[in-house]
Amino acid sequence: MNLSSPNPGNNGAPAPAVPARAVTPAAAPAAPALPPGRPASAPAAPPPPPPPVPTALAALPVPFQGADFALKGFHADATVAPGEVVAAAAALDQAGFALDTITGVDWLAQGQMEVVYDYFHPVTGLRAVVRARAPRENPEFPTISKVFPGANWHERETRDFFDIHFTGQSNLTPFLLPEDATYHPLRKDFTS
Amino acid sequence: MIPKEPTGVTIVDGVPRETFVINLGPQHPATHGVLRVKLTMDGEYIVRAEPVCGYIHRMQEKMGENRTYAQFLPNTSRIDYLSAMTYTHAFVGVVERALKIQVPPRAEYIRVITSELNRISSHLVWWGAFLLDLGGFTPLLYAFDDREKILDLLEGITGARLTYCYYRFGGLCNDVDDQFLQGTREFITLMRSRLKMYRELVTGNIIFRKRVEEVGTITFETCRKYGASGPVIRGSGVPYDVRRAEPYSAYPEFDFEIPIRSECDSMARYLVRMEEMVQSLRIIEQALDKLPAGPVMADKVPRVLKLPAGDYCYAVEAARGRFLVRIVSDGKEIPYRVKLRTPCLSNLSLFEEASQGMLLADALALMGSLDLVIPDIDR
């Protein structure tokens, strides 16, 4: 690296460009993309069919459904069984995705606990979401930290907040909560 | 239950070797906040460095779930207090996206100007603090001198110096004045000459280079596995920038480069941030030149914000990388779930792997090059 004339530009870097606009037809700037004068509460029309799943995701063995990026902020999302989240993570890993985040959602009324896995693609800019639900009494999901080591902290955080167990997760100490915490503040029945 | 540490005496090649555990933090100048790193050391070398987080955890996500969208908005500028504009941008963005609110172009342009000014001020703090970690005190004084000018400009229009709440659902709190526009133009000229001086003062300095070159190598593969973003992934040779990958606001209308370096070391991340300041100035200049007239607030923003049931994401490129807000709404005034995905958490999560076998002093250079803000990790 020649530092006598520092030139931190793009020269000499063998990295792929981000063809973001090419793969994200719905990814125009959110506000101007809408035609003016369209009322937010239009009379009930039949819902439009979901947009197609981007080809890079359609090829994967994960049941992705297309999503309108301009409205939702992701290109595709899939609901799988709790036992399939590792296979989904492995497939997305193979396709070059990076782990964005993991979080839980407590569906108290339905008696279910949902875990949402967000992924982004650092080269194509695609966003994929994988969800799974388990019974609320004993929510158990296999850890994906063998595939994405970065999942470790996200899973520990989800365990802190929701008491969702990730089997195979080696570090069981609370991540953000105090080390003697016995409460799970984001469960909807939490009282302080 | 505390996992067993590889401590104690072992015999290696007939020589007794002892590892020992020391704490870096939670109060330590090099961690820039209350972060604790539990270090298992073999002499000066790191066997294992385990970050222990949560010392300033405030449960921001719970606060998001028990107040309305408007009531939670000021909280978003207190997550990463150095990059508050971009964080409020993500939160107003997710609500605008869900409610299909059209933000007037003038408001979007001013958002870009203020966000990029905030990015420069954030990078200036990092620059000063990073060099302070490496033993150079003077750059901090220069950096804070320049940063002060940005804070004054932003204070003039927002009323706040750090925790801005300038963006509102549908636009801005108020329009900018001529004093701000004139002051920003003067700042661009000044900052360009100052960046030249920074390069001459620091970037080529041999002591600095010896501390950061080929130190703290993070490959792209590591970044991907841990979800690192921002200057960390761009210092590993991949031009991932949310402003390009998921274009938002008025960014598609400006001409700017995504600086990358392929060396993957601490110097690469340093150079990426230095070039980012140049690019931010370019964006601000274009936005000032093309600044459209018109209102700064959308018509007919509902007084009571109720997002249609469903989940919505909005990501922005904050100064430290990808910040994502995920809202799950059940159609009520109060969000059902607010998830804040912060860049520093993912960027720090690779530290344990990246610091293995490093000299302690080098690991601190690596940590400084990650540009950590601890409230951003702990939320």
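Two strands count as paired if DSSP finds at least two bridges between them. The model shown in these views is predicted.

**View 1. An open sheet of three strands in chain B.** The strand order is β7-β8-β9 (chain B). Pairing is antiparallel. β7 (310–318) and β9 (337–341) of chain B stand at the edges. Each has a single partner strand, so one side of each is left without a neighbour in the sheet. From one strand to the next, the twist averages 10°.

**View 2. Strands β8 and β9 of chain B.** Strand β8 of chain B covers residues 321–329. Five bridges join β8 to β9(B). The two strands run antiparallel. B:Leu324 has B:Arg341 of β9(B) standing opposite.

**View 3. An open sheet of five strands in chain A.** Here the order is β1-β2-β5-β4-β3 (chain A). The pairing is mixed. The edges are held by β1 (64–66) and β3 (98–107) of chain A. Both edge strands have a single partner strand each, so one side of each lacks a neighbour in the sheet. Twist averages 25° from one strand to the next.

**View 4. Strands β1 and β2 of chain A.** β1(A) pairs with strand β2 (residues 76–80) of chain A. The sense is antiparallel, over three bridges. One bridge links A:Gln65 to A:Asp77, its partner in β2(A).

View 5. Helix α5 (residues 151–162) of chain A lies across β3 and β4 of chain A. Helix α5 runs at about 10° to β3(A).

**View 6. The interface of chain B and chain A.** In contact are 67 residues of chain B and 73 residues of chain A. The area buried between the chains is about 5900 Å². Carbon and sulfur atoms give 60% of that area. In chain B, B:Arg97, B:Arg224 and B:Tyr336 lose the most area to chain A. Together they account for 11% of what that side buries.

**View 7. Charged and polar pairs across the interface.** The rule finds 11 salt bridges between chain B and chain A. A:Arg127 and B:Glu246 meet through their side chains in a salt bridge, at 3.9 Å from N to O. On the side of chain B that touches chain A, 31 residues are nonpolar, 11 polar and 25 charged.

Note on methods: Residues numbered from 1 in each chain as written. Chains lettered and ligands numbered in written order. Predicted model: local features only at pLDDT ≥ 70, side-chain atom pairs only at ≥ 80, totals over all residues. Heavy atoms only, no water. Contact = heavy atoms within 4.5 Å. Buried area = accessible area lost by both parts, 1.4 Å probe. Salt bridge = Lys/Arg side-chain N within 4 Å of Asp/Glu carboxyl O. Nonpolar A, V, L, I, M, F, W, Y, C, P; charged D, E, K, R; others polar. Helix = DSSP H or I, 4+ residues; strand = E, 2+ residues; numbered from the N terminus. Axes fitted to C-alpha atoms, helices over the stretch in contact; angles between N-to-C directions.
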